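Please find below a report on the sequence and structure shown here. The text treats one chain, then the other, and then their contact.

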Amino acid sequence: MANPVLAASGTFGYGDAFTDFFPLDALGGFVTKTLFLAPRDGNPAPRIAETSCGMLNSIGLANIGWDAFVEQKAPLVRAARGSARTIVNIAGNAPDEYAALAARVERDRDTVGCDAIEVNVSCPNVKEGGTNIGCDPDQFRRTVRGVRAETSMPVFVKLSPNVADVVPFAESAAEEGADGVSLVNTLYGMRIDLERRRPVLGTRSGGLSGPAILPVGIHWTFQVRAALPELPIMGIGGIASWRDALEYLLAGAQAVQVGTAAFVNPMACMEIVAGLERYCARHRTTIERLVGAAHREGEPALVPVWTG
Amino acid sequence: MPASWTLPLAGVREVAAETFWLRFPRPAGAACDPGQFFMISPALPSGGLFLGRPFSIGDVRDGEWRFLLRVLGRGTASLRGLPERTPLRLVGPLGRPFRPTDRGLHRMVAGGIGLAPFFYLARRLRQERPGDRIELWYGERTATAHAELDADEAALFDRVERCTDDGTRGDRGDVVGSAAKSLGEAEAAWYACGPHPMLRALAARLEAGGVTGAQFSLEERMACGFGVCQACVVPSRRRPPAYRLLCLDGPVMDPLAVAW
């Protein structure tokens with residue numbers, strides 16, 4: 001990758017939404033909005049609520065469906081992406097739907113020009129009573145196994161933080177053949193409207209994102225890196241500046257995904273790419289040498305150099 | 001084309017209770033059309049506000065972009081309190097503007113802070129169609145909420161009809177009933193902006209009166225303003241799709257396309 005900064009799923013459309021602001025190939029890569037086999041309308045408004053340093057969303061995984069993506073979006077993206085890696089984010093209402101969609105992605109991979117699959121396990125299993133696939137160890141394994149069996153592309157599993165311990169899920173993903181993990185997805189949250197005395201969101205609860213969740217993502221990135229030092233990690237959660245991105249790299253992520261911050265500042269990804277380059281130049285180092293550096297307790301910590 | 005601008009606040013001017021103009025220097029060469037909007041947020045990280053807020057362009061004059069705001073929540077309250085020269089991020093112009101029409105009478109119906117987009121719309125109509133007649137029907141709950149127009153703004157309209165729910169200024173009653181009395185008059189291009197129940201009521205009156213081609217400026221919560229966050233859904237009358245995104249398909253929409 002040209003740089004370690006990717007645009008996160010659900011905050012970058014299908015790769016076609018930021019073309020007014022910067023060229024696609026200025027990114028290390030991007031992850032599409034979650035795609036299902038069939039299109040989904042999503043939830044009624046209100047779908048978002050502001051929080052301190054963040055926001056709740058309950059979009060409901062609205063998406064155009066795989067066929068429409070291949071026909072309408074993929075040609076533009078393939079033409080514009082240059083060196084940017086294209087990662088397709090997939091989901092389904094049950095483990096077998098994930099596998100079926102993975103088979104379609106594998107079949108259409110050259111048409112789309114995609115480099116990897118990211119598996120969004122943060123959906124309820126509609127067929128088995130709505131339990132969240134990403135929080136149920138058995139369904140989680142079946143989902144990853146099913147996707148792995150259908151594709152030879154790299155598979156990343158996007159992990160939910162809504163569990164007591166994320167590390168066993170990362171271990172399960174690795175055991176089932178995933179090539180890496182993306183962490184973390186949004187945290188459950190709710191806000192209540194004081195005048196209506198009802199939850200703000202139409203679905204009552206939603207997913208919390210934004211700078212408020214940065215320390216949660218850093219924590220789990222560090223824990224997973226410590227437990228599984230060989231497993232590639234894409235760090236996600238609350239990254240709004242190059243400093244936030246660098247924390248994830250130091251905690252052990254090979255790359256980062258920027259999401260909610262780009263809603264507010266469409267140039268956030270570009271500012272992060274530039275900030276990381278300046279940091280590397282100032283410290284005469286490389287991204288590769290920074291990855292996981294916070295774990296090297298045997299080495300002396302650097303003496304801060306204040307260069308403004 | 002939209003861009004992300006960091007602009008210093010040129011000033012805040014109150015024109016009614018809790019209602020004020022937010023002014024910015026217009027960047028050289030930057031253009032926008034009536035009905036388009038900008039996402040406005042603090043340029044520097046702020047403890048209070050996180051998301052930007054969508055505001056229709058209110059007026060473009062004296063080298064400035066102006067937005068008419070009313071304090072309705074934390075976002076608007078914090079914007080009113082900002083000192084001059086505070087840098088703010090403006091992402092825009094975004095969305096679909098009001099479209100040209102061949103009718104020579106323009107009737108704008110404003111409920112409360114829904115007044116905001118009509119200054120710039122009237123200004124552009126004055127420039128581009130100098131012979132046309134422009135009417136403003138403007139309702140508020142009470143007299144102290146009515147925005148005062150300066151001489152330049154007042155000259156944008158050939159007729160201004162004010163009303164209040166409590167009768168303290170202009171006709172007593174809501175602006176929909178007031179404006180709808182003119183339905184039998186000459187054929188007009190109708191424009192409206194205001195609270196959802198007002199727009200729903202006006203849409204029903206216009207449809208019953210056989211009016212087509214009306215243009216309503218709607219509002220919905222947004223995080224981005226350019227089609228990514230998918231928050232600003234408006235139920236669509238003709239399905240599929242079940243929803244339209246207000247930021248891309250609006251904010252100016254044909255009321256006949258909306259499932260009110």
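Val119(A) stands opposite Val157(A) in β9(A). This is a predicted model, in which local features need pLDDT of at least 70 and side-chain atom pairs count only at pLDDT 80 or more, while totals for chains, interfaces and linings use all residues. Residues are numbered from 1 along each chain as its sequence is written, and chains are lettered from A and ligands numbered from 1 in the order in which they are written.

Strands and helices are DSSP runs numbered from the N terminus (strands E, at least two residues; helices H or I, at least four), and two strands pair if DSSP finds at least two bridges between them. On these terms, chain A holds a closed barrel of 8 strands in the order β1-β2-β5-β6-β9-β10-β15-β16, with parallel pairing. From one strand to the next, the twist averages 25°; axes here are lines fitted to C-alpha atoms, for helices over the stretch in contact, and angles run from 0 to 180 degrees between N-to-C directions.

| Strand | Partner strand | Bridges and sense |
|---|---|---|
| β6(A), residues 116–120 | β9(A) | 4 bridges, parallel |
| β9(A) | β10(A), residues 180–183 | 4 bridges, parallel |
| β10(A) | β15(A), residues 233–236 | 3 bridges, parallel |

Leu159(A) stands opposite Leu183(A) in β10(A), and Leu183(A) in turn stands opposite Gly235(A) in β15(A).

Is strand β9 of chain A buried or exposed? A residue is buried if 20 or more other C-beta atoms lie within 10 Å of its own, exposed if 12 or fewer, and partly exposed in between, with C-beta atoms placed from the backbone. Strand β9 (residues 155–159) of chain A is largely enclosed by the rest of the structure, because 5 of its 5 residues are buried. Val155(A), Val157(A) and Leu159(A) point one way from β9(A), whereas Phe156(A) and Lys158(A) point the other way.

Contact between two residues requires their C-beta atoms, placed from the backbone, to lie within 7 Å. Helix α6 (residues 214–227) of chain A packs on the sheet and touches β10 and β15 of chain A, its direction making about 165° with that of β15(A). Helix α7(A) lies across β1 (5–7), β15 and β16 (255–258) of chain A and runs at about 145° to β16(A).

A nonpolar core is a set of buried Ala, Val, Leu, Ile, Met, Phe, Trp, Tyr and Cys residues joined through C-beta atoms within 7 Å. The largest such core has 176 residues, and Val256(A) and Val258(A) have the most contacts inside it. Helix α7 (residues 242–251) of chain A gives the most to this core, with 7 residues. Not counting residues up to four places away in sequence, Val258(A) touches Val5(A), Ala7(A), Ala8(A), Ile239(A), Ala268(A), Cys269(A) and Ile272(A).

## The sheet and domains of chain B

Chain B has an open sheet of 7 strands, ordered β12-β11-β10-β9-β13-β14-β17, with mixed pairing. Its edge strands are β12 (171–172) and β17 (252–253) of chain B, each of which pairs on one side only. Strands β10 (residues 133–140) and β11 (residues 159–164) of chain B pair in the parallel sense over 6 bridges, and Glu140(B) stands opposite Thr164(B) in β11(B). Helix α2 (residues 118–128) of chain B packs on the sheet, touching β9 (105–111), β10 and β13 (189–193) of chain B, and its direction makes about 170° with that of β9(B).

Helix α5 (residues 196–208) of chain B lies across β9, β13 and β14 (215–217) of chain B, at about 160° to β13(B). Leu199(B) is found in this helix, α5 of chain B. Leu199(B) is buried, with 24 other C-beta atoms within 10 Å. Leaving aside residues up to four places away in sequence, Leu199(B) touches Ala192(B), Gly194(B), Phe216(B) and Leu218(B).

The domain assignment of chain B, whose bounds come from an automatic or database source, gives domain 1 (3–94), domain 2 (105–217) and domain 3 (219–260). The centres of domain 1 and domain 3 of chain B, taken over C-alpha atoms, are separated by 23 Å. Their contact takes 8 residues from domain 1 of chain B and 7 residues from domain 3 of chain B.

## Contact between the chains

In the contact between the chains, 22 residues of chain B meet 25 residues of chain A.
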